[in-house]
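User: I would like to learn how to read the packing in a structure. Please take me through it one feature at a time.

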Amino acid sequence: MYNIPMVDLVGQYNKIKTEVDASIQDILSKASFIGGPYVKQFQENLQSYLNVKHVIPCANGTDALQVAMMALNLQPGDEVITTTFTFIATAEVIALLRLTPVLVDIEKDSYNIDPQAIERAITPKTKAIVPVHIFGQCANMEAILDIAKRHNLYVIEDNAQAIGADYSFSDGSVMKSGTIGTIGCTSFFPSKNLGCYGDGGALFTNDDELADQIRIVVNHGMKTRYYHDYVGVNSRLDAIQAAVLDIKLKHLDEYIAARQYAAAYYDKAFSITDKIITPKKSAFTTHVYHQYVIVLNGVDRAKLMEHLQSKGISCAIYYPVPLHEQKAYQDPRYKKGDFPVSEYLCDNVIALPMHTEFTDEQLEYVTKSVLEFIG
Ligand SMILES: *Cc1c(COP(=O)(O)O)cnc(C)c1O
């Protein structure tokens, strides 16, 4: 009997422990907890990894999304188009800023926002599109950029699940996810592909003026100390988190490769049954497998989950309820049945353990346990 968690952050920490502990000790001994060299170094190293002009760290991924919308000066009543199949943070900041969320459905294969549905949802009030690169592969950015250009809209990438993914344009050029739209937002929540040991987040942009505005918004709306030209927020990445992230950034490509290895193992094992639909990869993006999410076809999900849990295998549902069916987000414009692809997935998906520390034995145990139930 194994104990297979969704993520193995302890195993990952043990491999980088010496370096992480030394950096944290150094910060403690200098008591330089906010700002300072570790934050600057991480910010610069992430800029070069992503090949983007500006990385602005902040306190978490939800703040990154909120700050992006504030820096773009979106105003109450402005419409923001996003997917109904995502984590709540995306819609939460839209609601908090009194913007109007406009929800659309996803593509059946990639689970990402459907560009045709975006186009249909555009009105004269639309100001921005927020694609979420769900589970670790990019939405169809070429189509989304084309729509944004024709309608003069901002594109805010929610890159919390896809850091490190490569997007290929039809002209052959390649960009890192999160650096393609007007602003990219990410989260360094511990279980994300690049996660710290607490909360953290960042915004990415290639636009110098926008970067300045983002730096003002995250710092209480001030450019000159104690002179507040805007209403801002307080959203910082602290030095300890930055130090951890800078060490883990050096391993990010390795971590991605480990996730891809596990995903390939799962794909192969499940290819023998049509009761499991494995994740389909879009041609224009690499998949960094923040989550490995399968769709069950005629299998009792609750019973399968019980079976896996009884064998010490964790599993989860991302996401059980689409945004338009969430209690706090009830809206007369939307009802159950409006977004059939998202609703179908919410009823039939299950996420299997996915992390950087698997042995083949563990992967074999997970796949065998799933298959023995499915029969
Ligand atoms: C994790 C996540 C966020 C929010 O990040 P936090 O750092 O937890 O605030 C936003 N969007 C998506 C898609 C996420 O997965």
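User: Which residues touch the most other members in the largest nonpolar core?

Analyst: In soluble globular proteins, nonpolar side chains tend to be buried together. This is a predicted model, and its largest nonpolar core has 51 residues, of which Phe42, Leu46, Phe188 and Leu194 touch the most other members. At least two core residues come from each of α2 (37–50), β3 (100–104), α5 (115–121), α6 (141–151), β9 (201–205), α8 (239–250) and α9 (252–270). The largest share, six residues, is supplied by α2.

User: What does Phe188 touch, leaving out residues up to four places away in sequence?

Analyst: Its contacts include Phe42, Leu46, Ile163, Leu194, Leu237 and Leu245. Apart from this core lies another, of 28 residues, with Cys58, Met69, Val93 and Ile156 among them.

User: How many aromatic pairs does a search of the whole structure find?

Analyst: A pair of aromatic rings is described by the distance of the centres and the angle of the planes. The search finds 15 aromatic pairs. For Tyr111 and Phe135, the ring centres are 6.0 Å apart and the planes stand at 80°, so this pair is edge-to-face. Tyr111 is in the loop between β3 and α5, and Phe135 is in the loop between β4 (126–130) and α6, so the pair ties together parts 24 residues apart in sequence.

User: Are Tyr111 and Phe135 buried or exposed?

Analyst: Both are buried. Another edge-to-face pair is Tyr167 with Phe169, at 4.9 Å centre to centre and 70° between the planes; Tyr167 and Phe169 are buried too.

User: Which residues do ring pairs link into a cluster?

Analyst: The cluster consists of Phe85, Tyr111, Phe135, Tyr318 and Tyr319.

Key
Residues numbered from 1 in each chain as written. Heavy atoms only, no water. Core = buried A, V, L, I, M, F, W, Y, C linked by side-chain atoms within 4.5 Å. Buried < 20%, exposed > 50% of the residue type's maximum accessible area, 1.4 Å probe, protein only. Helix = DSSP H or I, 4+ residues; strand = E, 2+ residues; numbered from the N terminus. Contact = heavy atoms within 4.5 Å. Phe/Tyr/Trp six-rings, centres within 6.5 Å; stacked < 30°, edge-to-face > 60°.
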